[in-house]
Amino acid sequence: RHPFMYCTEVKTPEQVLKMRKACALAREALEVARENIKATVTTDDVDAAVHDFVVSKNAYPSPLGYLGFKKSVSTSVNDVIAHGIPDDRALEDGDILNVDVTVFFDGFHGDTSCMFTVGEVDEAGLRLCQAAQRATMAGIQVCGPGVDFRLVGERIEDVADQHGCNVSDLFLGHGIGSYFHGQPEVFPYQND
């Protein structure tokens with residue numbers, strides 16, 4: 001186990017700058033994923049495109065080899081909540097897809113994910129994607145120095161509730177840095 005699973009690292013300005021660069025590269029990789037998402041394409045194809053892009057930037061896809069994970073991104077299709085494994089299933093018109101990208105660049109990890117729609121998505125799928133985006137943004141908007149992490153979860157759950165959605169208690173937000181996963185843990189729902 002990595003020591004940062006048990007303590008919070010206070011980052012130096014240089015570390016923050018390197019994390020910003022890694023996160024910017026992860027965001028670019030999401031755009032590569034976006035460009036490859038369409039009906040008939042497999043999530044393996046999306047994984048390969050992102051992998052090639054990340055490696056071409058002298059970075060490493062953090063999930064690859066992490067705890068035995070054999071892919072470079074996670075792809076969660078439709079009712080898969082998170083951390084789906086890319087495979088040879090062709091995407092279909094009406095699918096919703098979350099792509100989770102983490103890159104290791106210049107000694108630091110950058111982690112991000114995004115929901116994408118494939119072709120024409122039904123009203124329920126669109127409402128879910130919009131609710132998830134709004135809830136995420138509500139959590140991000142309260143972030144800042146000295147803000148209690150419980151407020152982040154409270155805002156996320158409040159917005160989800162307003163849209164008739166539930167927040168899963170199976171997954172947490174997490175810290176990054178020179179490590180892939182660590183403190184602080186951020187619960188995306190009301191908590192003590």
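Reply: The crossing of α3 and α4 is right-handed. This is a predicted model. Helix α3 covers residues 123–141, and helix α4 covers residues 149–162. Their axes come within 8 Å and cross at roughly 155°. Angles over 145 degrees count as roughly antiparallel, so α3 and α4 are roughly antiparallel to each other.

Next, the residues at this contact. From α3 come A131, R134, A135, A138 and G139. They meet V152, R155, I156, V159 and A160 of α4. Sorted by class, the contact of α3 with α4 has 7 nonpolar, 1 polar and 2 charged residues.

Now the other pairing. Helix α1 spans 13–36, and helix α2 spans residues 43–56. These two pack at an angle of about 145°, with their axes 9 Å apart. The crossing of α1 and α2 is right-handed. On the α1 side, the contact is made by L25, E28, A29, V32, A33 and N36. On the α2 side, V46, A49, V50, F53 and V54 take part. By class, the contact of α1 with α2 has 9 nonpolar residues, 1 polar and 1 charged.

E9 lies in the segment before α1. Its relative accessibility is 17%. Buried means under 20%, so E9 counts as buried. E9 and G177 are 168 residues apart in sequence. In space, their C-alpha atoms are 8.4 Å apart.

Methods:
Residues are numbered from 1 along each chain as its sequence is written. This is a predicted model: local features need pLDDT of at least 70, side-chain atom pairs count only at pLDDT 80 or more; totals for chains, interfaces and linings use all residues. Side-chain values use heavy atoms; hydrogens and water are left out. Helices (H or I, at least four residues) and strands (E, at least two) are DSSP runs, numbered from the N terminus. Buried means under 20% relative accessible area, exposed over 50%, partly exposed in between (1.4 Å probe, protein chains only). Axes are lines fitted to C-alpha atoms, for helices over the stretch in contact, and angles run from 0 to 180 degrees between N-to-C directions. A crossing is left-handed if the near helix is turned anticlockwise from the far one by less than a right angle, and right-handed if clockwise. Contact means heavy atoms within 4.5 Å. Ala, Val, Leu, Ile, Met, Phe, Trp, Tyr, Cys and Pro count as nonpolar, Asp, Glu, Lys and Arg as charged, and the others, Gly among them, as polar. Angles under 35 degrees count as roughly parallel, over 145 as roughly antiparallel, 65 to 115 as roughly perpendicular and the rest as oblique.
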